[in-house]
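Here is a short briefing on one residue and on the spaces inside a predicted model. Keep the sequence and the 3D view open as you read.

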Amino acid sequence: MIYAPAVHPHAHVIVAPAEVRDGTIRRHAAVRLDRGRAFALSTGLGTPRLWSYTTRPALLGFSKGLESGATLPPEARLQHSYQLARAELVSACNVLIERVVPDATLFGVLLHHGELFLFGVGAGRAYLHRGGRPSRLTPREDDPRGLIGADPFTARTVLEPGDLVMAGSASAFSARAVGRVASVLQDDPQAPPSVIGGLLTEPARKAGVGAAAVVLRVR
């Protein structure tokens, strides 16, 4: 049996819009679910005008799955949520007349009895910063596909007081963003989640690509 110490996570969710021509558009979306014990992020793929059209059903289906699967074990609950998210997205895409079918990534985070469970489809990243050292929790290669075409990945880890978890869209982990986070954490290992979230998404906002991130500080 895995021993999971009592932990108290403090989370910050942040989304930076993308820029298309002369306006801003939400390519990325993120939500807090299950009374702060779960989070989901999604990035629209395909034509910009359909980005929010695809992220909306992806997150809606995931939310429905978490609620209807509340009594399931964590990994089964995430799998159930993924299936509903995919079904919602496929249903939304079926009414479109498009040469290229749009898609969306999905990244889910679930906290359960001191453990962190991850579930992702498409490009998404998560890192655990513990004792001054970061470790990647997600695959090294980013899959360019989304819910409709990509294979899901999972991860699981026991959390400890002092841990910092950073999860988000691939755009939130640019070289500039990662470097700024590393510098801040070196000077202040207890930097709050809101500060880390801003450091991750600000370069993507300035570059016009947008980003979404969830940062958890475990106490």
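L84 is partly exposed, because its relative accessible area is 27%, between the cut-offs for buried (under 20%) and exposed (over 50%), with a 1.4 Å probe and protein chains only. This is a predicted model: local features need pLDDT of at least 70, side-chain atom pairs count only at pLDDT 80 or more, and totals for chains, interfaces and linings use all residues. Residues are numbered from 1 along each chain as its sequence is written, and side-chain values use heavy atoms, with hydrogens and water left out.

**Around L84**
- L84 sits in helix 2 (residues 74–94); helices are DSSP runs of H or I with at least four residues, strands are E runs of at least two, and both are numbered from the N terminus.
- Beyond its neighbours within four places in sequence, L84 is in contact with G61, K64, G65 and S68; contact means heavy atoms within 4.5 Å.
- S52 is 32 residues from L84 in sequence and 18 Å away in space, C-alpha to C-alpha.

**Largest pocket**
- The largest pocket holds about 210 Å³ of space.
- On a 1 Å grid over the protein atoms alone, a pocket is an open set of points with protein on both sides within 12 Å along at least five of seven lines; lining residues have an atom within 4 Å of a point.
- Grid points are joined across faces, edges and corners, and a volume is the space filled by probe spheres set on the points.
- Helix 3 gives the largest share of this pocket's lining, 5 residues.

Key. On a 1 Å grid over the protein atoms alone, a cavity is a set of points where a 1.4 Å probe fits but cannot get out, and a pocket is an open set with protein on both sides within 12 Å along at least five of seven lines; lining residues have an atom within 4 Å of a point.
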